[in-house]
Structures are given as structure tokens and as C-alpha cells.
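Colleague: I have a model open here and would like to talk through how its parts pack together. Could you walk me through it?

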Amino acid sequence: MAREQASWSRRDLLGGRPAAGGAAGGEHHVSGLVVHARPERLAGVLGALRAMPGLDVHGDNPAGKIVATLETPTEDDVVRRLGEIGDLPGVLSTALVYHRFD
């Protein structure tokens, strides 16, 4: 039996609403990230991360560690966004700890 391509994001499913539109090629990428920021710059980094479309911050601590998920339509977008996060003032490192795509 053929598997139907999912057109709902995790955010859509949890919110009980259909996706506005499918990604090009039907891809959907969910990535788990650990971002390490300078403790004195943590507030600014958190603000910048929360402003990024498709990125959800799930937790942080005073030492500067941040746990986040990122949803993107393509693998190239994952790589591009990791670079953008790494370039934020105060970010020391960004680690991709989980990646799934459909």
C-alpha cells in the first residue's frame, strides 16, 4: 500500500490546523538543535532565535545552552539556517542533534 505524503507540519498537527501549502517537492525537514551562546548574550540570542520563522525554542539555561527545533521545506534550508544561527552575535556553537525528513 502506498504511503500518502504528509502535508501537515508538526506545528499544524499540534495546533489542529491544516498546512497553508505544501513544500516544493513534498519535502518536510524537522531538525533538533543545541545552540551554545555566551551567557551574557543569552537574552539577545534567544530573541533572535524566536524571531526566526520555523524555529521553536524549547528551553535554555543560564550557562547559555539552548534547545530548539527547526522546520524547513528543504535540506538546503536546514544548512542555510544553521549558518545564520552560527553567525548571530554571541553564538559560540550550533549542533544538529536530530534530523528527520519526509
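Modeller: What covers the buried residues of H2 (residues 42–51) includes strand S1 (29–37), strand S2 (55–60), strand S3 (65–72), helix H3 (75–86) and strand S4 (91–101). Helices (H or I, at least four residues) and strands (E, at least two) are DSSP runs, numbered from the N terminus. This is a predicted model, in which local features need pLDDT of at least 70 and side-chain atom pairs count only at pLDDT 80 or more, while totals for chains, interfaces and linings use all residues. Residues are numbered from 1 along each chain as its sequence is written, and side-chain values use heavy atoms, with hydrogens and water left out.

Colleague: Which residues of H2 are buried?

Modeller: Leu42, Val45, Leu46 and Leu49 are buried in H2, where buried means under 20% relative accessible area, exposed over 50%, and partly exposed in between (1.4 Å probe, protein chains only). They cover an arc of only 100 degrees around the axis, which puts them on the same side of H2; the arc is that of the directions from the helix axis to the C-beta atoms. On the other side of H2, Ala43, Gly44 and Ala51 are exposed.

Colleague: And what does Val45 touch?

Modeller: Not counting residues up to four places away in sequence, Val45 touches Ala37, Ile66, Pro89, Gly90 and Val91, a contact being heavy atoms within 4.5 Å.

Colleague: Switching to the strands, how many bridges join S1 to S3?

Modeller: Eight bridges join S1 to S3, and these strands run antiparallel, with Val67 in S3 as the bridge partner of Val34. S1 also pairs with S4 in the antiparallel sense, over nine bridges, and there Ser31 stands opposite His99 in S4. Two strands pair if DSSP finds at least two bridges between them.

Colleague: Is S1 mostly covered or mostly open?

Modeller: S1 is mostly covered, since seven of its nine residues are buried.
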